[in-house]
Amino acid sequence: MNKKTKGKLSTESLASDLTEEQRKQLCGLLGNVELTLLYKASVHGYQASAFHQRCDRQGPTLLVAYNHSEYIFGGYTSVDYTQCYQQITDKEAFLFSFEGTEPVCIKVKSGHHARYDDAGGPNFGQQLCFCYNDQPVVHHQGGINAFDFYSDTLYGEDPDLRECEVYKVKHILQVMEKPWRNVLWTAERRAELMGLIRNYKPLVMSVSRVRILMIGPVGAGKSSFFNSINSIFMGRITSKAMSGSAGTSLTTQFRTYPVKDGREGKPLPFVLCDTMGLEEQTGAGLDIEDISSILQGRVHDRYKFNPITPFQPDEQKASRPASLQEKIHCVVYVINTTKISLMSDKLQEKLAYVRRKVNSLAIPQMVLMTKVDEACPEVEKDLQSLYVSSYIKSKVQEVSSRLGVPVSCVLPVKNYSQELELELNCDVLLLTALQQMLNFADDYLDDAG
């Protein structure tokens, strides 16, 4: 294959053992990339010298190993192999293993070295060594914890390899001449948006603050969005809602978060409602029956979710309909941009069920596409390149298609996560998204009123 295309697997004369679907899944972890097969152990040998001859100074690489128990696993490093005999710091490094049809990603732990760069075979954290002692085996070195994994889940505790491949990873920059959305990245625009939000008044007099419900998978950034909006109006980074990247939901209660206009300021005219994360498995994460109760204003603040048993309103409250003030006025699906291509059928089915329920209640819906900086290296360098990135545009179109929400209702953002200070470009995107939520809430109130 001489012609290089987006996400295309270039193997020259070498045949890859990856299926097309597996390749797509791995590209989903890496972003907009091209993979070129550099090294194949069954062809070039399992000797470390053969690996280094073909893989040194090739830039970012992805190692894919296959054992006799049908496990496919490996790791990514963004730093060249050079045999420099030094510990390598690489915050982009990760291990992966296919569990079912999807690769599960295990990132290098903060403060740990990603690997040791010597003349031996490829290793990750000196913890997992491939082609160990020039043999078709993987060796797990105990006592080193750069990556959190168990050998039984990563590779089924079968160390014997039938194949080991290394791919060169080339990030493809696709910049459009004209932005596909127009945004003013200025302090004046930020001030204008903050003023519009401060002075917003819901269309219906009986509603003092509109209620916006955030729904999405575990770790997508629902709580982080509230923290980010709160930070903008407080004028400093805050962390009132628990947020993080745990495998299960950190939010276990239904929370309604009002936002104040500064430390001593009055409450702003909206409330962000945070829910437990959606999970694939039945009996885990937010029960989809609970969402119906939340939408209709029957669930109180700090109600503790039980994934096994849906919410049961008490008889007194159940006998009277919720007021318009208590109901949800806009629903926002929060989706991690880097996980759009990895969205499972089960999760998509859950979201489709929720969408049908929301549609039946005529509540406006939109998508908040988070972690855009992690999905595209150019956007990570400069957030202003967001709307000239054809890759981000393709992700907006993909999530629109998967969730059945119009492209115009998909807004890419970057939440505050590790920053210590506010940043203009982040603020503009976040405030633009919030302003759109208020517009949508008005559409609902216009019909309901």
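**Reading the model**

Analyst: The protein chain has 449 residues, and 52% of them count as buried, where buried means under 20% relative accessible area, exposed over 50% and partly exposed in between (1.4 Å probe, protein chains only). This is a predicted model, in which local features need pLDDT of at least 70, side-chain atom pairs count only at pLDDT 80 or more, and totals for chains, interfaces and linings use all residues. Residues are numbered from 1 along each chain as its sequence is written, and side-chain values use heavy atoms, with hydrogens and water left out.

User: What pLDDT does the protein chain average, and where does pLDDT stay under 50?

Analyst: pLDDT is the predictor's confidence in each residue, from 0 to 100. The protein chain averages 87, and 88% of the residues score at least 70. Residues 1–11 stay under 50, and the model has 31 contacts for them beyond four places in sequence; a contact means heavy atoms within 4.5 Å. Residues 243–250 are also below 50, with 15 contacts beyond near neighbours in sequence.

User: How many helices and strands does the protein chain have?

Analyst: There are 13 helices and 19 strands. Helices (H or I, at least four residues) and strands (E, at least two) are DSSP runs, numbered from the N terminus. Among contacts in the protein chain between residues at least 6 apart in sequence, 71% join residues at least 24 apart.

User: How is helix packing described?

Analyst: Two packed helices are described by the angle between their axes and the distance between the axes. Axes are lines fitted to C-alpha atoms, for helices over the stretch in contact, and angles run from 0 to 180 degrees between N-to-C directions. Here, helix H5 (residues 187–198) and helix H13 (residues 424–448) cross at roughly 30°, and their axes come within 9 Å. H5 and H13 are therefore roughly parallel: angles under 35 degrees count as roughly parallel, over 145 as roughly antiparallel, 65 to 115 as roughly perpendicular and the rest as oblique.

User: Which residues make the contact of H5 with H13?

Analyst: On the H5 side they include Leu193, Met194 and Ile197, and on the H13 side Val428, Leu431 and Leu438 are among them. By class, the contact has 10 nonpolar, 2 polar and 2 charged residues. Ala, Val, Leu, Ile, Met, Phe, Trp, Tyr, Cys and Pro count as nonpolar, Asp, Glu, Lys and Arg as charged, and the others, Gly among them, as polar.

User: At what angle do H7 and H9 pack?

Analyst: Helix H7 (residues 288–295) and helix H9 (residues 345–360) pack at about 25°, with axes 10 Å apart. That angle makes H7 roughly parallel to H9. Ile288, Glu289, Ile291, Ser292 and Leu295 of H7 meet Lys350, Tyr353, Val354, Lys357 and Val358 of H9. These residues divide into 6 nonpolar, 1 polar and 3 charged.

User: Is cysteine 131 buried or exposed? And asparagine 133, buried or exposed?

Analyst: Cysteine 131 is buried, at 3% relative accessibility. Asparagine 133 is exposed, with a relative accessible area of 58%.
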